[in-house]
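Reader: Hi! Could you walk me through this one while I have it open?

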Amino acid sequence: MSKGRSGAADNGPAGYEWEYARKKDDRTKWEKIKQGIWNPEKHQFLGRTAKSWGGIITFYLIFYVVLAVFFAICMKIWMGAIDDRYPTWQLEESIIGTNPGMGFRPLPSSADEGSLIWYQAKNKTNIDSWVNNINKFLTKYNNSEKLPQQGHNQIICHYDRPPQPNKVCAVDINSKAWGPCVEKENYGFTSSSPCIFLKLNRIYGWVPEYYNDTKNLPSEMPESLVNHIKSINDTNELNTIWVSCYGEGPADRENLGPIQYYPRQGFPGYFYPYKNVEGYLSPLVAIHLQRPALHSLINIECRAWAKNVLYKRSLHNREGSVHFELMID
């Protein structure tokens, strides 16, 4: 039995173990890097020949082209199944559901301020910031050119004159019906009697169920609203989503003072259902806080009244109403 130079046993022809002499690599690190990038002896770039690189590039080019075509076909089929005006999932089947939320304007400019409307009655800069905030919100109401079709499909509606197909009701935000809640009056901010605008969130196809029977009004409805509903002679006007605002606590109610609603105390029913027609503008209600107490934080809640507007008052999950605070110094 013999051993190779490495000391391994020779177990026959199949068991020979050879030791190969290797040439010492005297290249510097920089030479190794250069040769790794381009090897002139083997004509390799980054370890591959031109033929090898060509094959890889061709493969991935075809792969991504096919992938892009497949994605484009899927998007075409998917987009073809979607109607720009008609949502696939509606009402109970949608994420939004059937209970419209309620919002207010102007909103505080900073999220840190939450829902607080605070300003100094003698600070013009303060007042201008809130007025500009409202003007920005009312841009499409004031300038029909900002709307699709430049508002050409808007018409004047009334309770006995609902909108025609493919038409929408105009909201004349500058008419006398809005009282002091117009831009030329600075929405009442300069007189320490600000106007706050209310709106309902849009839900496609939602039809309100009105409290239009004066003998069948909910017991929790404020007496002032009950009396207002009973004072209406035109039965068509009872088809309204009513609105009531009040201070949340005893001190808030005392500090809030009287409230006036413009142009009426609710959202007219002829604006519903919302069908995503171009140029549609949500109806608004402006509440004019006529004599709120100064230097006091006032918590205010506004509630929408319809049989299918569910009310839930919670700090984390408020439904059918909106909360905001007012403080004038």
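Reader: Which residue caps the N-terminal end of helix 3?
Author: Asn123 does, with a side-chain oxygen 3.0 Å from the backbone nitrogen of Thr125. Helices here are DSSP runs of H or I with at least four residues, strands are E runs of at least two, and both are numbered from the N terminus. This is a predicted model, where local features need pLDDT of at least 70, side-chain atom pairs count only at pLDDT 80 or more, and totals for chains, interfaces and linings use all residues. Residues are numbered from 1 along each chain as its sequence is written, and side-chain values use heavy atoms, leaving out hydrogens and water.

Reader: Thanks! Which residues of helix 3 are buried?
Author: Asn126, Ile127, Trp130, Val131, Ile134, Asn135 and Phe137 are. Buried means under 20% relative accessible area, exposed over 50%, and partly exposed in between, with a 1.4 Å probe and protein chains only.

Reader: And what covers them?
Author: The cover includes strand 3 (102-105), strand 4 (116-119), helix 4 (139-142) and strand 7 (195-200). Contact here means heavy atoms within 4.5 Å.

Reader: What does Lys124 pair with?
Author: Lys124 forms a salt bridge with Asp128, their closest N and O atoms being 2.7 Å apart. A salt bridge is a side-chain nitrogen of Lys or Arg within 4 Å of a carboxyl oxygen of Asp or Glu. The two are four residues apart in helix 3, so about one helical turn separates them. Lys124 counts as exposed because its relative accessibility is 59%, while Asp128, at 27%, is partly exposed.

Reader: Switching topic, how many salt bridges are there in the whole structure?
Author: A search finds five. One of them joins Glu220 to Arg303, with the closest N and O atoms 3.9 Å apart. Glu220 sits in the loop between strand 7 and helix 5 (223-230) and Arg303 in strand 12 (residues 298-305), so this pair ties together parts 83 residues apart in sequence.

Reader: Is Arg303 buried or exposed?
Author: Arg303 is buried, at 10% relative accessible area.

Reader: Nice. Which residues are linked in a network of salt bridges?
Author: Glu248, Glu301, Arg313 and Arg318 are. Within that group, the closest N and O atoms of Glu248 and Arg313 are 3.6 Å apart.

Reader: Last one: how many helices and strands are in the chain?
Author: Six helices and 13 strands. Of the 329 residues, 37% count as buried, and the C-alpha atoms fill a box of roughly 120 × 50 × 45 Å, taken along the principal axes.

Conventions: Polar contact = N/O pair within 3.5 Å; in protein donor to acceptor, adjacent residues only side chain to side chain.
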